Amino acid sequence: MSTTSASSAQVSLTGVKPTGEPHLGNYIGAIKPALALAQEYDALYFIADYHALTTVRDPQLLRHYTRSVAATWIAAGLNPDRVIFYCQSDIPEIFDLTWIMSCMTSKGLMNRAHAYKAARDRNEESGKTDLDAGINMGLYNYPVLMAVDILIMETDVVPVGHDQLQHVEVAADIAGSFNHVYGKDFKFTIPQAIVSDTETGRALPGLDGRKMSKSYDNTIPLFCSEAQLKKLARRIPTDSTPVEAPKDPDSSPAFQILAQFAAPEITAETRRRLREGGMGWGELKNQLFEVLNTRLSPLRERYNALMDPDSELDALLAAGAEKARKRAVPVLAQVRKAIGID
Ligand code: TRP
């Protein structure tokens, strides 16, 4: 509740790995719902730049993605004055605690982690004899670092997609192991996942009608130019039903995207016209472009301004790191005391 005092609200933490350009599917499936958490929780958001290092090996690209994620979230409505917004790499306490917590983590738990198992499976399928070929320790330790992201901020809830659910369970496990040994001196909050329903119906279709996802290469970038947006909207697949014929709006990817971005009255009117016949797919796609462009142009402007090297972006992140460290420093101090290193 926005009326609850900050100290009594539960804490939510959203982590974003900077590994690509944001697209419409990210906005509807992850960014918008995560921003809504700030109504109900003491909300923290951070950019998991050290996590991205397990895969992004181009320094310029990592720098770009990191700033791009930050600019995206602010452009999308994140208010840095009302929430805590920071970069993982600006919080050195996270890395101290990662060593400590890795000493509380059984290796078997990491062997069972999905991402690591999937990488080994891929090696097996491609006939490699060393199933760990090409797997770095960053990938292997990924869940411990993620657990610490969560635990050091004394997080109650973590919004995640299904693919990240196991990671939150691992965090709860590791916290439990620590609490079991040192709990009389310091206890971590046990975090809980909030699983988003994007995979069960709300997922946005992409340019080929499948779920919009970077891995399918079917995305519409959130901040592409107006011309590009128009081109991409036109590329969304439709069938050859003639203009006059009645159409099923809900089986049309263009309509499904429209429904997520247009005002409800507009969506209802378009649905009616498609059903009755007389509205062609071409007109629908033009309307989709107009709706997207109207909705996104103010965000695009803010994003571009923030991406300027001289913008306030870096200062905002520095201020956010200061607020985040106010939470992390005392947690690490208590943990160090509890384990006998102080
Ligand atoms: N692993 C998450 C992802 O790939 C990103 C992440 C890192 C994260 N640390 C986190 C998410 C802590 C939530 C909480 O999307």
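Modeller: Helix α7 covers residues 137-152, and at 1.5 Å a residue its 16 residues should span 22 Å, which agrees with the 22 Å between its end C-alpha atoms. The expected span here is 1.5 Å times one less than the number of residues. Helices are DSSP runs of H or I with at least four residues, numbered from the N terminus. This is a predicted model, in which local features need pLDDT of at least 70, side-chain atom pairs count only at pLDDT 80 or more, and totals for chains, interfaces and linings use all residues. Residues are numbered from 1 along each chain as its sequence is written, and side-chain values use heavy atoms, with hydrogens and water left out.

α7 has a kink of about 40°, centred on Pro-143; the bend at a residue is the angle between axes fitted to the seven residues ending there and the seven starting there.

Now the two ends. At the start of α7, the backbone nitrogen of Gly-138 lies within 2.9 Å of a side-chain oxygen of Asn-136, a polar contact (a pair of N or O atoms within 3.5 Å, one able to donate a hydrogen and the other to accept it; residues adjacent in sequence count only if both atoms are side-chain atoms). Just after the helix, Glu-154 has a positive phi of about 50°.

Note on methods
Helix = DSSP H or I, 4+ residues; strand = E, 2+ residues; numbered from the N terminus.
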